[in-house]
Amino acid sequence: MAEVTAPGRPPGTGRSGRGLWPSLTRLHFYAGVFVAPFVIVAALTGLLYARTSQLDRLLCGDELRVQQVTGAPRPLTGQVRAAMAARPERKAAKTLLPPSEEETPESR
């Protein structure tokens, strides 16, 4: 069977389906088809992770602010002791101070 080429082209330069270029384009296509879903999932979850603090404020904003401050402020050591007594199986790793009396540390 003779190879089909465009008029004016020498034999061997037509699109016969053989050669390196068609193989590379097909490989590129299948790589995109199999990799694209992972890239999309990584992009979406990364966007959600980057916007975690904004989502927290939107979904749990009422729980991140104190409605009314009553009584005298308690010392920080007493607060840590009360937390450790309430949850003895857990260990305190760090203490975050709120930016004001009406806010929690996570409301920043």
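How many helices and strands are there in the protein? The legends below begin with the answer and then turn to individual sites.

**View A. Overall architecture of the predicted model.** The structure shown is a predicted model. The protein contains 3 helices and 0 strands, and its elements follow the order α-α-α from the N terminus on. Of the 108 residues in the protein, 4% are buried. Among contacts in the protein with a separation of 6 or more, 29% are accounted for by residues 24 or more positions apart.

**View B. Helix 1 and its kink.** Helix 1 spans residues 20-50 and has 31 residues. From its first C-alpha to its last, helix 1 reaches 42 Å, which is close to the 45 Å expected at 1.5 Å a residue. The helix has a kink of about 40° at Val35. This kink lies shortly before the proline Pro37.

**View C. The aromatic pair Phe29 and Tyr30.** The count of aromatic pairs comes to 1. The ring centres of Phe29 and Tyr30 are 5.2 Å apart. Because the ring planes of Phe29 and Tyr30 stand at 65°, and an angle over 60 degrees counts as edge-to-face, the pair is classed as edge-to-face. Tyr30 has a relative accessibility of 43% and therefore counts as partly exposed.

**View D. The salt bridge between Arg87 and Glu89.** The structure holds 1 salt bridge. Here the side chains of Arg87 and Glu89 meet, with a distance of 3.0 Å from N to O. How exposed are the two partners, Arg87 and Glu89? Arg87 counts as partly exposed, at 43% relative accessibility. Glu89 has a relative accessible area of 58%; since the cut-off for exposed is over 50%, Glu89 is therefore exposed.

Note on methods:
Residues are numbered from 1 along each chain as its sequence is written. This is a predicted model: local features need pLDDT of at least 70, side-chain atom pairs count only at pLDDT 80 or more; totals for chains, interfaces and linings use all residues. Side-chain values use heavy atoms; hydrogens and water are left out. Helices (H or I, at least four residues) and strands (E, at least two) are DSSP runs, numbered from the N terminus. The expected span of a helix is 1.5 Å times one less than its number of residues. The bend at a residue is the angle between axes fitted to the seven residues ending there and the seven starting there. A salt bridge is a side-chain nitrogen of Lys or Arg within 4 Å of a carboxyl oxygen of Asp or Glu. Buried means under 20% relative accessible area, exposed over 50%, partly exposed in between (1.4 Å probe, protein chains only). Rings of Phe, Tyr and Trp (its six-membered ring) pair if their centres lie within 6.5 Å; planes under 30 degrees apart count as stacked, over 60 as edge-to-face and the rest as tilted. Contact means heavy atoms within 4.5 Å.
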